[in-house]
Amino acid sequence: MATNLTLPTPPFIHAPGIENLRDAGGYPVESQNGKAVRRGILFRAADPTHLDEEGVAILQRLGITHIFDLRSLVELAKGREQPREWEGARRIPTPVFLDKDYSPEALALRLRNYSVGTEGFVRAYASILSGAISPDNAYRPFQTILEHLASDPNPPTPILIHCSAGKDRTGVIVALVLALCGVSDNVIAHEYSLTELGLARLKEPIVERLTAPGAPHEGNRAAAEVQIGARKEYMLATLRYIRQKYGSVEEYLLQHMGLSQETLDKIKKNLVVDLAEGEETVPWEGNDELVSAQIARL
């Protein structure tokens, strides 16, 4: 059933060999009527290791110059194939964790130790937020990405951000960028929830691995399906957590990540643009019910 799913375009882009590929731009800026996040700069996806030549050609046409890989060194050591690069694009290792596996299977173990559902995801995403600013992490993962988005020329060159599934670590940094640009929580959470559609073809294999004998959710399909989900409430609760813990997204970036106000202003200058005459933002308002219905059929 999932293989017959038609992904909404925009924001999804079909490229053989990579799942959950989409443009995170095109969403409205809440406080500035007629403005939106620039399209064609911030792309997100699952692991691109299995891109074929047609898929590579599509990403080359998107103009992607940097591939920010958020996977840990432990995850990379487990892989049988080398991380993917292609002509015109350079892979930048930006592990959020140096020695923690945050693949879907490993995250299932962490969620089992917390609780299944919103509380567990908030705790997991809290660890991502703290891991990204750890003084022991010389890769400065989120800071490196944000500094590229603040760079010249205006606009900066297009980038692809990914982890294993393009859901959790990728979802957190994309949410930070969109929030900084003034996108509302509800729209950010909608964009995050699209991952359930983007990973539809991988859902069954992941559930089978999570419920196999000896796996984190052995024999418990319902728990496995919750764990691989990307429900709006998970991101809404995470954004509330950021404000409770750090004061705001900007305070997290300024006071805890160490970015300058000039850098944040440059990101907004580079990414927040006027809509051209007749141009519309990515459809999202009223689409939550449609997305939920599609997810329910997976």
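Modeller: Let's start with helix 11, where Lys232, Tyr234, Met235, Ala237, Thr238, Leu239, Ile242 and Tyr246 are buried. Buried means under 20% relative accessible area, exposed over 50%, and partly exposed in between (1.4 Å probe, protein chains only). Helices are DSSP runs of H or I with at least four residues, and strands are E runs of at least two, numbered from the N terminus. This is a predicted model, in which local features need pLDDT of at least 70, side-chain atom pairs count only at pLDDT 80 or more, and totals for chains, interfaces and linings use all residues. Residues are numbered from 1 along each chain as its sequence is written, and side-chain values use heavy atoms, leaving out hydrogens and water.

Biologist: How far apart are the end C-alpha atoms of helix 11?

Modeller: The expected span is 1.5 Å times one less than the number of residues. For the 15 residues of helix 11 (232-246) that gives 21 Å, and the end C-alpha atoms are 21 Å apart, which agrees. Glycine 247 follows, with a positive phi near 100°.

Biologist: Which residues touch the most other members of the largest nonpolar core?

Modeller: Nonpolar side chains tend to be buried together in soluble globular proteins. A core joins buried Ala, Val, Leu, Ile, Met, Phe, Trp, Tyr and Cys residues through side-chain atoms within 4.5 Å. Here the largest has 62 residues, and Phe142, Leu146, Leu149, Ile173, Leu176, Tyr252 and Leu253 touch the most other members. Helix 6 gives the most to this core, nine residues.

Biologist: What does phenylalanine 142 touch?

Modeller: Counting heavy atoms within 4.5 Å as contact, and leaving out residues up to four places away in sequence, its partners include Leu70, Val96, Arg169 and Met257.
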